[in-house]
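Work through the exercises below with the model open. Try each task before reading its solution.

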Amino acid sequence: NLHQTDGVGAVGSPNDQNEIDGLGNFLDGHLAVLGRVTDVVADKYLGEPPLQYSHHLPGIVQAQGSLRQTDDAGSVWDGDPLGVMDVLDELDSARGLAHTGRAAQLAALVAAVLFFILGWWGPVPEGLSRQGQVGLCTIAASLPLLVMQVMPNYAVAVLLAALLVVPGVVTPSVALAGMGSSSWLMILTLLAISASLSGSGLLFRLALLAAERLPPNFLIQSLALSGLGVVLGTGVSTGSARVALAAPAARELATALRYGKQSPASAALGLSAFVGFTELGTLFVTGSPVCLLLLSMIPEVMAGQVTWGFWFVAALLPNLLFFAFSFLVIMFTLRPPLGGKTDLGTVALQRRLLGPVTRREIISITLLLLLVAGFATARYHGVNAAWIAVAVFLALVVTKTLDTPTFERGVNWGLMIY
């Protein structure tokens, strides 16, 4: 529409202005999409499954940023018609990425079908039965579906089980054996425990205590906050739950230390907390569902040797090296000031807003300590770690620290099915 006028930069006639107003009305219909970039909105706008949206997020965010850099959504077309054209170009690029993603998914679907056909009708190598080839090719067929996210992981897992069970390649008890293992039960209970702990203000209190009692030195404060994340990894098995606890604590700690908003010191504190709360999850076998899945794959003859303590000792050095390297990169890149002064008034205000320590927080920290103690002493009492987690889970339920909505919302059921 703009190109049909006498030039974007020379818009002046009433007809041209009407064209711009019309284009403004056209873009008004898309501002809700640009204003709230969520998976659901992207699904409606790009016409693809929500899980695929992450691949095209930069294009939409860039378009959103372009709109915000103009006068405002309602005056873009009056003050900066060139900006409108840039937004349209960026939206076209985002749509192009969406089409590319759909083409890749179609190719992945074709590859999956070919693998499946190869299993049933392809030549069988010597030493391999037809049933074995079908099993291998069916598993191979699931890989492109997972890599290109043609379907959610849990849907691919259910499809894989169906393609093996329905033709009689394996029995249901074999295909679904993972859900009857102690590892599956342990992941379930630890996710529930994580959900319960993430709803308390315990970590926030500890961060305020560190700001109040420890010297206002960046190294000391950032390492203390990262250390809290490592401790949480003993019982909170999802990085997202740990980050949910870390984000407000890091933000308020930066405020208490008088770090400016978006300053190098604030960014460095946030990044060091991110590393400590999420990237060191492999330090403990209970720090990540992936670690628990790997533990369940260890052969039975060796499974008894790989205890919670054994895993910690084995993972300590690589995780220490990773954290040291990451922390040095953060320090040398952002160069935060080491000294500072704590705003004790802000700390006191936050503590008053939190109020006294609640019954829920006392129960949560007590049960977390018991959970860690039970894991660490498993070689002495001989109780499987899964049943220790079950005992803590039941204690949370009985004391009403974990309620049904939190349990249903906190457990990643897609992961459990997958």
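**Exercise 1.** In which helix is Ala 162 found? Then decide how exposed Ala 162 is.

Solution. Ala 162 is found in helix H7, residues 153-165. Helices are DSSP runs of H or I with at least four residues, strands are runs of E with at least two, and both are numbered from the N terminus. Next, take the accessibility. Ala 162 has 33% relative accessibility, so this residue counts as partly exposed. The classes are buried (under 20% relative accessible area), exposed (over 50%) and partly exposed in between, with a 1.4 Å probe and protein chains only. Last, look along the chain to Ala 175, 13 residues away: the two C-alpha atoms are separated by 8.7 Å.

A note on the model: it is predicted, local features need pLDDT of at least 70, side-chain atom pairs count only at pLDDT 80 or more, and totals for chains, interfaces and linings use all residues. Residues are numbered from 1 along each chain as its sequence is written, and side-chain values use heavy atoms, with hydrogens and water left out.

**Exercise 2.** Describe the chain as a whole.

Solution. Count the elements: 22 helices and 0 strands. Then check burial: 40% of the 418 residues count as buried. Now take contacts (heavy atoms within 4.5 Å). Among those with a separation of 6 or more, 72% join residues 24 or more positions apart.

**Exercise 3.** Classify the ring pair of Phe 218 and Tyr 259.

Solution. The structure holds 7 aromatic pairs. Their rule: rings of Phe, Tyr and Trp (its six-membered ring) pair if their centres lie within 6.5 Å; planes under 30 degrees apart count as stacked, over 60 as edge-to-face and the rest as tilted. Here the centres are 6.3 Å apart and the planes are at 50°, so the Phe 218 and Tyr 259 pair is tilted. Locate both ends. Phe 218 lies in helix H11 (residues 218-232), while Tyr 259 lies in the loop between helix H12 (239-256) and helix H13 (264-279), so the pair ties together parts 41 residues apart in sequence. Phe 218 is buried at 1% relative accessible area. Tyr 259, at 10%, is buried too.

Now compare Phe 323 and Phe 327. This pair is stacked, at 5.8 Å centre to centre with 25° between the planes. Both residues sit in helix H16 (residues 308-334), 4 residues apart, which means about one helical turn separates them.

**Exercise 4.** Which residues have the most contacts inside the largest nonpolar core?

Solution. A nonpolar core is a set of buried Ala, Val, Leu, Ile, Met, Phe, Trp, Tyr and Cys residues joined through side-chain atoms within 4.5 Å. The largest has 63 residues, and those with the most contacts inside it are Leu 190, Ile 193, Leu 225, Phe 277, Leu 371 and Phe 375. Follow Phe 277. Leaving aside neighbours within four places in sequence, its contacts include Leu 203, Leu 225 and Ala 246. A second, separate core has 5 residues, including Ala 112 and Val 156. Finally, turn to Phe 375. Ring pairs link Phe 375 with Phe 284, Trp 308 and Phe 312 into a cluster.

**Exercise 5.** Is Arg 335 buried or exposed?

Solution. Find the place: Arg 335 is in the loop between H16 and helix H17 (344-354). At 61% relative accessibility, Arg 335 counts as exposed. Its phi is near 50°, a positive value in a residue other than glycine.
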